[in-house]
Structure formats: C-alpha cells, structure tokens
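The following paragraphs lead through the architecture of a protein chain, from helix packing to its nonpolar cores and then to selected residues. Please keep the model in view while reading.

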Amino acid sequence: MPPTAKPHPATGSGAPADQPSAHATRRLLGVVVGLAVVVVVMLCAFALPSINSGPHRVPLGLAGPQQAVQAIQSGLDKDAWTVAVYPDDKALTAAITSRDIVGGLAVAPQGVTVYTASAAGSPTTAAITAMGNGLAVRQQTTSTVHDVVPLPAGDPRGAGFTAAALPMLIGGVLPAVALLRLFPGHAGLRRRLVGVLAFALVAGFAVTAVLQYGFGSLNGAYWLTALGVSLGMAALAVPFLGLESLFGFGGLGVGAAVMMLLGNPLSGFAGPYWLPTGLATVGQLLPPGSSGSLLRANAFFDGVGAAGPALVLAAWVLAGLILIVIADRRTAHNPEHPHRPHTEALEPAAP
C-alpha cells in the first residue's frame, strides 16, 4: 500500500508550491523599485550640480580707468560675478593672494592684463582668462595672463588635488566598518574610537605625502597640510562611528549615503564658485567640502582662509564624539540595548 503523502508545510497540500508566494513577490517588487529609486537619486545627485555648473557670484577684481571699468562691470552678469574695484594692479594682486577675489582684469592703454589664481579652481581661471582675451579682442589690443597663485608645476591641471576627494570620503567609511569587525560590541567601542582617530592621523599624513612628494600636486608646509587632511578624515570617521554605535549598521549606512550622494558632488573640489550658490553653501558645511577647502587653503595659500573649514570639520568631530558618548552611556544603563551585545551574542550559553 503506497505511503500517504504528507501535506506540504507551506501550502497545506500534498504538492509543493510551484509559484512564489504573494509576500515574496511583494518583497521582490519592493527591492526592484527601491534599487531603481536609489539609481535615480544617484544620477540626480551627481548630474544636477554638473548640469547647473558655471560661475556663481565669483569675486572678480577690476582695475583701470573709471570709464573702462564701468563699461566692463555693466556688461557682466551680476548673478555670475561679484565685482570689486581696485586702484591699481598691485592692490588687485594682493586681493588675490589674500583670497578676497579669485582673479581680475587690469585695463590700460597698452592692453589688458589678466590676473588669475589657478590654485583657486581651474574652471574660474579659464572663465576669467577667456573674459580678458575677449575684452582685448573687442578693444583691438593685446592681453597678458599672470597666474598669481599657480598650481604646482608637477600637476598643472590639479588632477591630483581633485582626485583626493573620493579617497578622503572612503577613508571615513573604511575604518568604521573594519574596526567594528575587529572590536565588536560595547566593550570595543573605545578601542574603535582610538582606532579611527589613529587611522585619520596616519592616513592623513600618508595621503598628503603621496600627493605632495609622489604626485607633485600640492605645495605648502607638509605638516600643516597633513594635519588638515587628518582632520578631514576624522570629521567623517568619528561621526560614522557614532552613528553605528547609536543606531547600528543602519545609521552608518544612512550617514555614508548622505556623504556619498550629497557631500561628494557638492564638495566643490574644482572650485566652490562653480556650483549654484545654495548648493555650494550646503557643500561647504559638509565634511567633504570643508576638507577640500581646508586642503586648498593649506596647500596653496599658506593657510589663508583655513579657519572656517577647520571649524566646520572640528564641529563634525565633536558631533561624532557626542553620539559616541550618548551610545556609551545608554548602553551602560541599558544592557539589553540591541546595539550593545555584538560580542556576547557570539559567546556560547552557560550550561
């Protein structure tokens, strides 16, 4: 006599289900739609700043006869250029080195002199140079270009400086993830904090050494520049660690996504004046943008303009430390907190 077929646990019948359950279908659909949304968000985050790129309130200096200066000023787009008038070439170049302006034009009977600072951003330098050359053509005279604060001869296009953006961002995520695997749980929280700070210091000096001595992409005092890069990495790594300690991997993932989708495209490594004003302001308040501004100030302008981005980065480090302290105290008072017992969960139960 043949054995009686037992009901299938999922369907209650004697045969297994041939079709996926409705719940599994909904989950699959949700994953597909969610991933599509993520791709669209990534596209918008990276494409929109580029599509809307161009001069936005770029501080420009003018020098020369009053009538000529007024004629130039009246022909400029006020949303693109913010003009300051200087009495002579010397005052104009001094304003460039002090970072009051990023370039300027000096008009004289013998021609047009274009003053740029390629270290302040290649796109603005190209735009000011084109403006001066066009003015000289219209006046049927000659133009001369002087780069007041040039990029290093070893990297005249600034490729190494621009390429530093992504490694600095990844350098904030990696230590938080790696140290969590090595020192999990509440007991390893302080070791992880020491680890991310040590990593930021070592990685900052290593990255700066490669950029300055290996690629020839940076000038300036090595130690000051390296400390700024280390501060930038700490401003990412410490908040990431704080988010993970307080909210688990979900918090770390959200923080990394925000910095990747918002902080990176708005960092302004090519020059913050090349982004729409509001987006540029947001970018400079996030660690990637402030890190780029601090690196630019220390590497090319002898620290001029470094105070603002350094304070922003220090505030991010402080915010991360506050999150870590809150997580530490909450877990100490609540041993059942879900983000605490990473290590205990791996220990065998007592007989």
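A crossing of two helices is called right-handed if the near helix is turned clockwise from the far one by less than a right angle, and left-handed if it is turned anticlockwise. The model shown here is predicted, and the handedness term applies to the passage of α8 over α9, which is right-handed.

The overall composition provides the setting. The protein chain contains 12 helices and 5 strands. Of its 351 residues, 41% count as buried. Among contacts with a separation of 6 or more, 66% join residues 24 or more positions apart.

Is α8 mostly covered or mostly uncovered? Of the 26 residues of α8, 20 are buried, so that the helix is mostly covered under the criterion of less than 20% relative accessible area. Just after α8, Gly248 adopts a positive phi of about 80°.

Two helix pairs involve α8. In the pair with α9, which spans residues 249-263, the axes are 6 Å apart and the packing angle is about 145°. On the α8 side, the contact is made by Leu236, Phe240, Leu243, Glu244 and Phe247, and on the α9 side by Phe249, Gly250, Gly251, Leu252, Gly255, Ala256 and Met259.

The other pair joins α8 to α6, which covers residues 165-182; their axes come within 8 Å and cross at roughly 40°. The two helices are therefore oblique to each other. The crossing of α6 and α8 is right-handed. From α6, the contact draws on Pro167, Met168, Leu169, Gly172, Val173, Pro175, Ala176 and Leu180, while α8 supplies Val229, Met233, Leu236, Ala237, Phe240, Leu241 and Glu244.

The nonpolar cores come next. The largest comprises 61 residues, and Trp81 and Phe300 have the most contacts inside it. Helix α8, residues 222-247, contributes the largest share of this core, namely 7 residues. A second, separate core of 7 residues includes Leu169, Ala176, Phe240 and Leu286. Which residues surround Trp81, leaving aside neighbours within four places in sequence? Trp81 is in contact with Pro55, Arg57, Val58, Leu60, Leu76, Ala127, Ile128 and Met131.

Phe199 lies in helix α7, residues 189-214. With a relative accessible area of 30%, Phe199 is partly exposed. Not counting residues up to four places away in sequence, Phe199 touches Gly171, Pro175, Gly204 and Met233. Phe199 and Ala234 are 35 residues apart in sequence, yet their C-alpha atoms are 8.4 Å apart in space.

Backbone geometry draws attention to two loop residues. Most residues other than glycine have a negative phi. Arg99, although not a glycine, has a positive phi of about 70°. This residue occupies the loop between α3 and β3, and with a relative accessible area of 29%, Arg99 is partly exposed. Gln140 likewise has a positive phi, near 55°. Its place is the loop between α4 and β5. Gln140 counts as exposed because its relative accessibility is 75%, where the threshold is over 50%.

At 55% relative accessibility, Ala307 counts as exposed. Ala307 and Ala297 are separated by 10 residues in sequence and by 9.2 Å in space, C-alpha to C-alpha. Ala315 also lies in α12. At 43% relative accessibility, Ala315 counts as partly exposed. Between Ala315 and Pro287 there are 28 residues of sequence separation, and the C-alpha atoms are 9.7 Å apart.

Definitions and conventions: Residues are numbered from 1 along each chain as its sequence is written. This is a predicted model: local features need pLDDT of at least 70, side-chain atom pairs count only at pLDDT 80 or more; totals for chains, interfaces and linings use all residues. Side-chain values use heavy atoms; hydrogens and water are left out. A nonpolar core is a set of buried Ala, Val, Leu, Ile, Met, Phe, Trp, Tyr and Cys residues joined through side-chain atoms within 4.5 Å. Buried means under 20% relative accessible area, exposed over 50%, partly exposed in between (1.4 Å probe, protein chains only). Helices (H or I, at least four residues) and strands (E, at least two) are DSSP runs, numbered from the N terminus. Contact means heavy atoms within 4.5 Å. Axes are lines fitted to C-alpha atoms, for helices over the stretch in contact, and angles run from 0 to 180 degrees between N-to-C directions. Angles under 35 degrees count as roughly parallel, over 145 as roughly antiparallel, 65 to 115 as roughly perpendicular and the rest as oblique.
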